[in-house]
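Please keep the sequence and the model in view while reading.

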Amino acid sequence: MKGYDDQTIIACSSGLVTCAISIIRISGKNFFPEIQEFFSKNLQTLEPRKANFCTIKSREKVLDEVVIVWFKGPNSYNGEDVLEISAHGNPLNISRIIDLFKSTGVIRDAMPGEFSLRAVNNNKLSLSQVEGLDLLLNANSIFGLDQGYSVLSGRLKEQFEELYASYMDHRSSMELGFDFLEDIGEEQFDKKLKSSFLRLKNIIQSLNSHIADQ
């Protein structure tokens, strides 16, 4: 991504559409001092992952009543300090609040996908999980939603890792029989081979069943 830096960024995560509540995210490091003047609550007293009611103001004029939640890095979506602001969802209101924070000169608009890029850079998401997020957000079917969530949560990756491990186990069982049959005996070889094959078969059937259920 061109122009990537570690400056504090801001974006409306829920999109600039008319709705009851929209969520604004600010992400960076130690940015509370730069935005404290806009909040009626002392940000330094916030406890991570707890919702707090307060107002956003500009030169003593109240712009909105909001609920804020602080996620202290690295225990956040992208590994940075993240402040989520739930504000009334009129696009004009959201744009005004975002412009207020940008007026500090130390906060800029997030580029498309930058929150997720920072999550990848901070090892909070893998590239495959980002692909899953894209599937989830842009799905046009229930199957697409389920597949996107499966990839995003890492479940699909775990299932295929299990499949690969089972395949390697079955392969090693065959190679063991070919190379050391006289040492282990035919009966032990048959037992080991059938066991590894059955495990591989069950995992494949489970994956096929999961896909069919979608």
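## The chain as a whole

Two residues are said to be in contact when they have heavy atoms within 4.5 Å of each other. Among the contacts in the chain with a separation of 6 or more, 55% are between residues 24 or more positions apart. The model is a predicted one, in which local features need pLDDT of at least 70 and side-chain atom pairs count only at pLDDT 80 or more, while totals for chains, interfaces and linings use all residues. Residues are numbered from 1 along each chain as its sequence is written, and side-chain values use heavy atoms, with hydrogens and water left out.

The chain has seven helices and six strands, where helices (H or I, at least four residues) and strands (E, at least two) are DSSP runs numbered from the N terminus. Their order along the sequence is β-β-α-β-β-β-α-β-α-α-α-α-α. Of the 214 residues, 36% count as buried, a word that here stands for under 20% relative accessible area, with exposed standing for over 50% and partly exposed for what is in between (1.4 Å probe, protein chains only). The chain exposes about 13100 Å², of which carbon and sulfur atoms supply 54%; these areas come from the Shrake-Rupley method with a 1.4 Å probe, and for residues only the protein chains shown count as cover.

## The nonpolar core

In soluble globular proteins, nonpolar side chains tend to be buried together. A nonpolar core is defined here as a set of buried Ala, Val, Leu, Ile, Met, Phe, Trp, Tyr and Cys residues joined through side-chain atoms within 4.5 Å. The largest such core has 26 residues, and those that touch the most other members are I35, F39, L83, I85 and F101. At least two residues of this core come from each of β1 (8-12), β2 (19-28), α1, β3 (52-58), β4, β5 (81-89) and α2 (91-102), and α2 gives the largest share, with five residues.

Which residues does F101 touch, not counting those up to four places away in sequence? The partners of F101 are I10, I26, I35, F38, F39, I56, I85 and I107.

## Aromatic rings

A pair of aromatic rings is described by the distance of the centres and the angle of the planes. Rings of Phe, Tyr and Trp (its six-membered ring) pair if their centres lie within 6.5 Å, and the pair counts as stacked when the planes are under 30 degrees apart, as edge-to-face when they are over 60, and as tilted for the rest. A search of the whole structure finds four aromatic pairs. One of them joins F31 and F32, which are edge-to-face at 5.5 Å centre to centre, with 85° between the planes. F32 also forms a tilted pair with W70, at 5.4 Å centre to centre and 55° between the planes. Because F32 lies in helix α1 (residues 32-35) and W70 in strand β4 (residues 61-71), this pair ties together parts that are 38 residues apart in sequence.

F31, F32 and W70 form one aromatic cluster. F32 is buried, with a relative accessible area of 8%, and W70 is buried as well, at 13%.

Two strands pair if DSSP finds at least two bridges between them. β3 and β4 pair in the antiparallel sense over seven bridges, and S58 stands opposite K61 in β4. β4 also pairs with β5 in the antiparallel sense, over five bridges, with F71 opposite V82 in β5.

Most residues other than glycine have a negative phi, and most peptide bonds are trans. In the hairpin of β3 and β4, which has two residues between the strands, R59 takes a positive phi near 55°. E60, in the loop between β3 and β4, has a positive phi of about 75° and is exposed, with a relative accessible area of 66%. R49, in the loop between α1 and β3, has a positive phi of about 65° and counts as exposed at 52% relative accessibility. A cis peptide bond, with omega about 5°, joins G73 and P74, and P74 is found in the loop between β4 and β5.
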